Amino acid sequence: MSRNEHLTRVELIDTILHDLGWTGPLIREEKTPGGSNIIDGRPVKRSGRTDYLLCLPIISGKPPLAVAVLEAKSEGKLPSLGIQQARRDASKHHVPFVFTTNGHLFAEYGEDSQQIIDGKPLTGFPTPDDLRRRYQALKGIDLTSSNALPLLMPYKGGELARWYFQDAAIRATLERMAAGQKKILLSLATGTGKTIIAAQLLHKLAQAGQLQKALFVCDREELRTQGMGKMHAVFGDNAQEVSTADPQRNARILVATYQTLNVTDEDKEPAFWKENYPPDFFSHIIIDECHRAAWGRWSVILRDNPNAVHIGLTATPRIVVGGGTRDAEAKKKDEEITSHNIDYFGQPVYEYSIGDGQEDGYLAACEVIRRTVDLDKTEITRADIVERSAIDAFTGRTIKPGEIDDKYKAHDYDAKLMLDDRVKAMSEDLFQFFLETGGPHQKTVIFCTRDHHANQMMIALNNLYTAWCRKVQRPPKESYAFQCTGNPDLRPPASDLIPDFRGSKNSHFIATTVDLLSTGVDIPNLENVVFFRYLESPISFYQMVGRGTRTGEPRGSKAMFRLYDYTNCTRLFGEEFKSRYRPTQPPDEEGSGGEVGGTETGTGGTGRPKPQQKIIRVRENKFTVQIEGNGISVLCQENGKDMLVPYEDYKQRLAASLVEEAPNVEELRLTWVVPDKRQALLRGLPGGEPAVRLVRELENEQECDLFDVLAELGYGLPPKSRPERAAAFTYKNKQWLKNFPERTSVTLVKMARQFEKNGIEELETPQLFEVEGVDFNALTGLPVEPSTLIQETKTRLLA
C-alpha cells in the first residue's frame, strides 16, 4: 500500500533532502490562517494552507533566504501533479523556483529556465549551493555583498511579526534595491498591512546600515496618524510626526502629509519644504496610497531627492480598460493617474489582490446586495420640477424656471438636485435590511454624492432609528448616524469622530461620508459598505470596497461583510486592469495630474470644500420612489479576475465542483476526516474554503461543520449542527463503544464532545489531550493504534 502525503514526506522526502543539506530552518513552513472563529469568547484558528519553502543559509545567526516552494505529493501520485498550483503559490511567495515530488521522483520549474522538467530522481535534487548559484545568476545579486545585506536581516518582533505575503513584498523590494533599482511599486489590496510592510522594510535597511533618513508621506491626517503608530512601534522615538511648527529634521523616520509639507497643487510655492529639507536630505521616500497621487507640484519631493530610493504603495496599480458605460473624463483621469504610477515606478514588483486575501483568510468575504431606484431610470425635466415648487437648498427661496436645467439624469441627483423622496426611500430600504440582518447597530459606511447629501442621509437614518427605538421601547444609542466628511465647518470634526466609529460598541454606528473614509482609515469591524453615490472611477470604487475587507478585531472575528449597491457601482468589479493612457507630460514635471475621482468628491482629501454651487431641492411627497431588488451576488475570482456571481449560481458551481471531486457523501466523509485531503478538496472548490464559509453564513448554518454545509449543497442532505452530532455520537455508537475498556469509551465520548466547539478540527489539534477527561493513555495498549481510533471517531461523528 502506497504512503499518504504525510508519510511520504516524513519517511521519504525529508530523509533524502536532509542528506542533500536541506536541514532544520532551511525548510520553512508558511501557514495561512484560514480565518478564525470566536469560541467561548476566544479566537480559534481554522485550518489554512501550509506551504513549504526552501531557504538558503547565507549569514550565521540570521534568517535564511526563501528561494523555492516545495510541494509534497503522496507516493502513489505523479510527481508533477501539483506543479501548476505550486507555481501559483511560488508567485504569491515571490520565489523563483518550484519543486514537486512524490518521494521518488521530482519535477521542477525555474524562472531561469522557464521550463518544467519532470521525472528526475529525488536523489538528484539541487543542494542549497546549487540553488544559491542559480538564484544569484537570475537576480544579478551577490548574496555576500553589502547590497544584499538587508535581505538577510530579521524582522522587528521576529518572523511572527509578518504575514507571508508581507515578507514576499519586502523581499521583492529589497531584491530590486540590491540590484540597483531606485523606483519601486508595490500593489497590495486594502487591509493587507502596507504600512507594516513600509515599517519593517525600513527596519531591515536600518539594521543593515543602509538607512540614513526616510520620509513616509501620505495625503490625510488620519493616514499620518496610522502611519506614525506603525513606525513608532518599530523605531520608537526615532520616528516623528512632521508639523508646521516642527519639521523634525533630526528624526530618522519622518511621517508627514503633503499638506504639512506645503507641496500640494494648492500651494503656489512649497516654502516649508524648501526651507527645511535641502536636496538629497532623504535616503528613502515611501509614498503611501500613491494611486491617489496628483503628480503635480508635490512631485518636488521626488525631484529634490534624486538619489533616494522612491517606493510607491498602492491598492490599485492598474486601470480598467473599456467599460463602455463609463464617463470618458473619469476614465481618462483614472488612466492618467495609473499611467503616471506605471511610467514613474515601473510595473509592481509584487501584487496581492482582494481575491488572494479572501482565499487565504486574511480578508473578509463579500456578499453583494444590488438594488435599483426606479426614479434613476428616468430623466426629470424642468416642467417636472416647476410643477413641484422647488426651492433653493441653502436659502429656501422658490426657484424660478429660468434657473432650472432642461433635464436631470441619475448622476445629477444629490449633486445638482436634492430629492427628499429619494433620500427617504433609499434610507428606509437600507434600514429595513439592517433590521433583517441582525439589527440596526451595525458598523456601516455610506458613500454619498456630496457633503449636503451625506448630511441628509445622516438626518434620515437618525430619524428612522429614533422611530424604531420608540416602537420597540428601547433607549436609543448615542450618535447613531453621523456625518463624517472633510467639511472644515463640521462639528465635531471628522478627526474626532473616526476613533469612536472605530472603537465604540455603543455609539457611532453609521458614517455618512463622501470620500474621507475611502482610503487608509482602518475600521476592522465594519459590517457594511453602502453606495448611495454614482461612481465612474474603478480606482475610487476599489478603495471604498476595501473599507470592508478587514477581518475584525480580534482578527478572524468577522468572516464577511455586505456591500449594498444602489447605483450599479459593482459593475466596476472584474474588468481587466491595465493602462493604455500615456501622458503628454512626464510625471516628474510640474502641472500634470489631479485627485482621483475629483469630480465625484464633495470636499476632497484636504478638507477644503469646493465652491458652493446652486442646489435645487424638491421636498417630500412630490415624487413616488420605488426600490427594486436585483438579487444577491457573491464576489469571486476567476482566472485572476474579480467577478460577481449570483448567489444561486454560486451555490450550483460549488455543488457541481464538489460532486466531481466526491461523487457521493461517503466519499466526502472519507475525505473530510483526513486533514490533507480535506484541505485539498476545499482548495479545489470555486472560491476555496472562504466560499463554503460564506455559504454557511448566508444560510444561517453557523452551528454546522463545513461538512454539513457541503453535504446539503452537493447531496441534498439536511444539515446537522455540531451540538447535534456531538450529542448523537454516544447513543448511535453504543455497541461500538462497548468493545473498549470503560476509560477508553469515556475518552472517546469526551473527544466527540469537542466537535461541538469548532467541528472536525477540534479533534486534530495538539491541545486535544489537554482537555479534561481526554486521556491519551486510555487509547494505548489496545489492538488498534490511537491514530486509528481518533480517525474512526471522526468518521462516526459524521455518519
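Modeller: The accessible surface of the protein comes to about 32900 Å², and 48% of that area belongs to carbon and sulfur atoms. The model is a predicted one, and of its 799 residues 57% count as buried. Its secondary structure comprises 25 helices and 28 strands. Among the contacts that join residues at least 6 apart in sequence, 74% link residues at least 24 apart.

Turning to the pair itself, two packed helices are described by the angle between their axes and by the distance between those axes. Helix α13 spans residues 420-436 and helix α14 spans residues 451-472, and their axes come within 9 Å and cross at roughly 50°. An angle of 65 to 115 degrees would count as roughly perpendicular and one under 35 degrees as roughly parallel, and α13 and α14 are therefore oblique to each other. The crossing of these two helices, α13 and α14, is right-handed. On the α13 side, the residues that take part in the contact are Asp 420, Val 423, Met 426, Ser 427, Glu 428, Phe 431 and Leu 435. They meet His 453, Gln 456, Met 457, Ala 460, Leu 461, Leu 464, Tyr 465 and Trp 468, which belong to α14. Taken by class, the residues of this contact of α13 with α14 divide into 10 nonpolar, 3 polar and 2 charged.

The axes of α22 (residues 722-732) and α25 (residues 786-797) come within 9 Å and cross at roughly 115°, an angle that makes α22 roughly perpendicular to α25. Here, too, the crossing is described by its hand, and α22 passes α25 in a right-handed crossing. From α22 the contact draws on Arg 725, Ala 726 and Phe 729, while α25 supplies Thr 793, Arg 796 and Leu 797. The residues of the contact of α22 with α25 divide into 3 nonpolar, 1 polar and 2 charged.

Arg 388 is found in the loop between α12 (382-386) and β18 (391-392). With a relative accessible area of 17%, Arg 388 is buried, because the cut-off for that class is under 20%. Leaving aside residues up to four places away in sequence, Arg 388 touches Val 618, Lys 622 and Phe 623.

Terms used
Residues are numbered from 1 along each chain as its sequence is written. This is a predicted model: local features need pLDDT of at least 70, side-chain atom pairs count only at pLDDT 80 or more; totals for chains, interfaces and linings use all residues. Side-chain values use heavy atoms; hydrogens and water are left out. Axes are lines fitted to C-alpha atoms, for helices over the stretch in contact, and angles run from 0 to 180 degrees between N-to-C directions. Helices (H or I, at least four residues) and strands (E, at least two) are DSSP runs, numbered from the N terminus. Angles under 35 degrees count as roughly parallel, over 145 as roughly antiparallel, 65 to 115 as roughly perpendicular and the rest as oblique. A crossing is left-handed if the near helix is turned anticlockwise from the far one by less than a right angle, and right-handed if clockwise. Contact means heavy atoms within 4.5 Å. Ala, Val, Leu, Ile, Met, Phe, Trp, Tyr, Cys and Pro count as nonpolar, Asp, Glu, Lys and Arg as charged, and the others, Gly among them, as polar. Buried means under 20% relative accessible area, exposed over 50%, partly exposed in between (1.4 Å probe, protein chains only). Accessible areas come from the Shrake-Rupley method with a 1.4 Å probe; for residues, only the protein chains shown count as cover.
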